[in-house]
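This report looks at one strand and at the aromatic contacts of a protein model. The sequence and structure are shown first.

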Amino acid sequence: MLLHKSNRFDANIRSSDITPQEAFENHQQARRRFLTGAATLGAGVIAATHIPGLIHPAAEVHAADDLHATPSQYTTTEPQTPFNKATSYNNFYEFGTDKSDPARNAHTLKTRPWTVQVTGLVKKPLTLDVDSIMKYRPIESRVYRHRCVEAWSMVIPWDGYSLSEFISFCEPLPSAKFVQFVTLADRKQMPLPGGYDWPYTEGLRLDEAMNPLALLTFGCYGQTLPNQNGAPVRVVMPWKYGFKNCKSIVKFNFTDKQPKTTWNQINSDEYGFYSNVNPTVDHPRWTQARERRIDSSLLPHTIPTQMFNGYSDQVASLYAGMNLKRFY
């Protein structure tokens, strides 16, 4: 993958008040940097001893271009899932609903040129080049636990920087309370299976998005993102189920109302807006108390699921006083 390096954004942004306050206080410095740097598990149909396609994954999948990421304090020392498994067994429904479909079909995705819109309740709407966004801050490598709502999990080294840094640049108005992510939907590049209201959308409360763990992500395993993992830019929230981590983003939309999200619209009884990893709140069709960890072992093994996927110290305060069974 050839990366075009842009020196700046094609926009002249002024500072203003944003939410939360600490983001505003750091904004001027961040802006200058930006402009200059610019089974008991599963669906109840398979046993925990076997997941098809993981014993002998599909053909080797390679990403391109070393991101030269530096280690981050936000990381786990747990054994990592091998690159080949993390890039050949995943969800990206735009390229098909089977776990192996993204690796097989996503070669048609063209990630350059790529622009990202910033819309809604912001000081000034913008259209930005993805390479300028990537150059905003130094890239960090963060080894995160990744938990899928289907009760399997991986440990993946993601490469990016805190989403809060980019949101500070976008200058949301004080009235903005949520940010919505919108994925590319292009039938010339994607199969886009029927039965879904494309484009795929997800969203967060703004204070969730400003948490340092929320990662604006450009790579994994020290390389640029493979197409099937959400190239060229995605988000990763390690305390939430995987479907919250919107891939191949083309728009950040800031709003004062809770935005519509794809899976919540399809079935709100099974997929809540918050979708925090919670072992005490089961999916209607399977338990969330345990998960199948996919690592270098020949077969996945079952382990207990942790509250907030093990990130309670960093994120539990975001939900203080909330009924987590009601706001699931």
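The sections below treat the basis of the model, a strand and its partners, and the ring contacts.

## Basis

The model is predicted, so that local features need pLDDT of at least 70 and side-chain atom pairs count only at pLDDT 80 or more, while totals for chains, interfaces and linings use all residues. Residues are numbered from 1 along each chain as its sequence is written, and side-chain values use heavy atoms, with hydrogens and water left out.

## Strand β6

Strands are DSSP runs of E with at least two residues, numbered from the N terminus. In β6 (residues 178–183), 6 of the 6 residues are buried, so the strand is largely enclosed by the rest of the structure; buried means under 20% relative accessible area with a 1.4 Å probe, protein chains only. F178, Q180 and V182 point one way, and V179, F181 and T183 the other way.

Strands pair if DSSP finds at least two bridges between them. β6 runs antiparallel to β7 (residues 201–205), with 5 bridges, and V179 stands opposite L204 in β7. β6 is also antiparallel to β11 (residues 249–255), with 6 bridges, where I249 is the bridge partner of T183.

## Aromatic pairs

Rings of Phe, Tyr and Trp (its six-membered ring) pair if their centres lie within 6.5 Å, with planes under 30 degrees apart counting as stacked, over 60 as edge-to-face and the rest as tilted; the count comes to 20 aromatic pairs. The rings of F181 and F252 have centres 5.7 Å apart and planes at 90°, so this pair is edge-to-face. Because F181 lies in β6 and F252 in β11, the pair ties together parts that are 71 residues apart in sequence.

Terms used
Buried means under 20% relative accessible area, exposed over 50%, partly exposed in between (1.4 Å probe, protein chains only). Helices (H or I, at least four residues) and strands (E, at least two) are DSSP runs, numbered from the N terminus.
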